[in-house]
Amino acid sequence: MKPGYVIPGVDAAAATDMPVLLPVAERLSRETGRQRREGVWRLELRAWHGFVLFAVFLLSLGVAEAQVETPGDRSPLATLVRWIPFLLWQNGNGFVLNLIISFLAMAIGTVAGAALGLGQISIFKPVRMICWSVTQLFRNSPWLVLLFCIMLLLPFEIEIGDTVYNIPDWMKAVIGFSLPIMANLSEVVRGAVLSIPTGQWESSEALAFSRIQQLWMIVLPQCFKRMIPPWMNWYAILTMATPLCSIMGVEESVHLAQQAMAAEDSRPELLAPFYSFLMVMFFLYCYPIARWTIRLERKYVVNI
Amino acid sequence: MPDSIKTTGWTPEQPMVALRDVHKSFGNLEVLKGITFDVMKGEVICIIGPSGSGKSTLIRCINALNTIDRGSITVEGQEVNDPELDKLELRKKVGMVFQQYNLFPHKTALQNVMMAPLHVLKEDPAEVEERARKLIRKVRLEGKEDSYPGELSGGQQQRVAIARSLAMKPDVMLFDEVTAALDPETVKEVLLTIRELAEDGMTCMLVTHEMGFARELANHIYFTDRGVIVEHGPPQSFFKEAKDPRTREFLSQIL
């Protein structure tokens, strides 16, 4: 890395003109790197977390069985088993809907985040500033607030031509979740581009590659691998956040668990088994993703 | 380059690279304080000097990786210090090799050499591949075509980098301390490659610490210190009759 080379589109924080300041610049870049890592809520799921969750589930079931007061009531385990199809997949609602929301929000967030992230390293300063602002806005807003905004701002139906299309709540939730995902992935893209040594920009520039070619042929292909682990991490975080939309009445698993319990006369002993059951479900889904993320991270030797 | 001859009026008898009173500052630090010299076609010039004397900055200004504040640099008559400059056209004429090789790690050696002619010059793939294989043979790396940079030694990577630059058929080659990151044994193989290049008539500008190499190969040696050319001359006289105390001190430390 030679002093005096500034990657077009990267602001002074990441590159310096002053050769005498290089050690400081290195220290700064290390610090921002650490901040970047710490700024990410890194999913650290371990196998024993699952065992503990499962133990809690069994324990709460046991306690619930002992708590049954009226002899005629169905046992909590039998009750739960009866409601499992309803909680997990019936009518495409429940846990399946959590997954559908996570897929769609991730897909939209990825596309929008990639565009926004590239906008953050645009050579045009206004574009850079706008994309940076949008990223910061959605990255630093509480997810629930974003969700409420989208729920209330979007119309419940739109008219295209003569047909009126209803926008179901879960679809609005998808949009609501895709915003913070977009912003965080935008940072992932920016961080990955910055992590490529300046020598790659310099040598490709010296070979007369245009900026677009530099980005698409030299820099981004090298970024791609580095982006996979943080991308998966964000997916797992998103999946675990999807029950947030139960508050808006989206019929995902947590919302349906409330309905199921209400249908069972709101017996208090059911609370713990039902919710810990859902926690075990989320764990079973997210744990493999978290493990796989860590494996890829080690393989590509990158930190998120 | 018939086009550039037409537009700039440059003929091969004129200096291929001409620097006039080049000034460059990084913030308050003035790195180049009025550098003037010419490089003729087919010449090999070496720039030597203590670290921090602006050698690398100087050479990087020639293909517009760094901009200059004042003065003029022309390459084949084309002004580099011109806001309207077509940098891509300039860089097609000027090849550059870096200290850290900077090969593209996600591409094989052959792909590294082929990429720029394919995508920048938009040449015929078959023709480019033939030329790339020839160049890889020329830098003595036959059999390494399909190796990734990570599988090659520093010296081998640097020779791929030279081949990669040559694939663009440049008129001038810039070498920025290309052997500084190598261990002494592999330095030789890289220097041999550059020597052959120079003997083929390529115009070369080298920033180097290899004094023996400079003495043998250079037509002209420039010694820079604190942003100015302190002393220069053909190697015979430069090494024997250095007059300036700064040059003498530098040479006594190095030789």
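**From one residue pair to the whole chain**

In this predicted model, Ala18(B) has Thr74(B) of β4(B) as its bridge partner. A second pair is formed by Arg20(B), which stands opposite Ser72(B) in β4(B). The strands concerned are β1, residues 17–26 of chain B, and β4, residues 70–75 of chain B; they run antiparallel and are joined by 5 bridges. Strands of a sheet pair through backbone hydrogen bonds, and the pairing may be parallel or antiparallel.

Thr74(B) also stands opposite Glu79(B) in β5(B). Strand β5 covers residues 78–79 of chain B, runs antiparallel to β4(B) and is joined to β4(B) by 2 bridges. Together β4(B) and β5(B) form a hairpin, with 2 residues between the strands. One residue in the turn, Glu76(B), has a positive phi of about 50°.

These pairings belong to an open sheet of 4 strands in chain B, with the order β2-β1-β4-β5 and antiparallel pairing. Its edge strands are β2 (29–39) and β5 of chain B, each of which pairs on one side only. In a regular strand, side chains alternate between the two faces of the sheet.

The sheet is one part of chain B, which has 10 helices and 10 strands. The C-alpha trace of chain B spans about 55 × 45 × 35 Å along its principal axes. For 255 residues, a compact globule would have a radius of gyration near 18 Å, and the 18 Å of chain B agrees with this. Of the 255 residues in chain B, 46% are buried. Among contacts in chain B between residues at least 6 apart in sequence, 65% join residues at least 24 apart.

Conventions:
Residues numbered from 1 in each chain as written. Chains lettered and ligands numbered in written order. Predicted model: local features only at pLDDT ≥ 70, side-chain atom pairs only at ≥ 80, totals over all residues. Pairing = 2+ DSSP bridges. Rg over C-alpha atoms; globule rule 2.2 N^0.38 Å. Buried ≥ 20, exposed ≤ 12 C-beta atoms within 10 Å, placed from the backbone. Contact = placed C-beta atoms within 7 Å.
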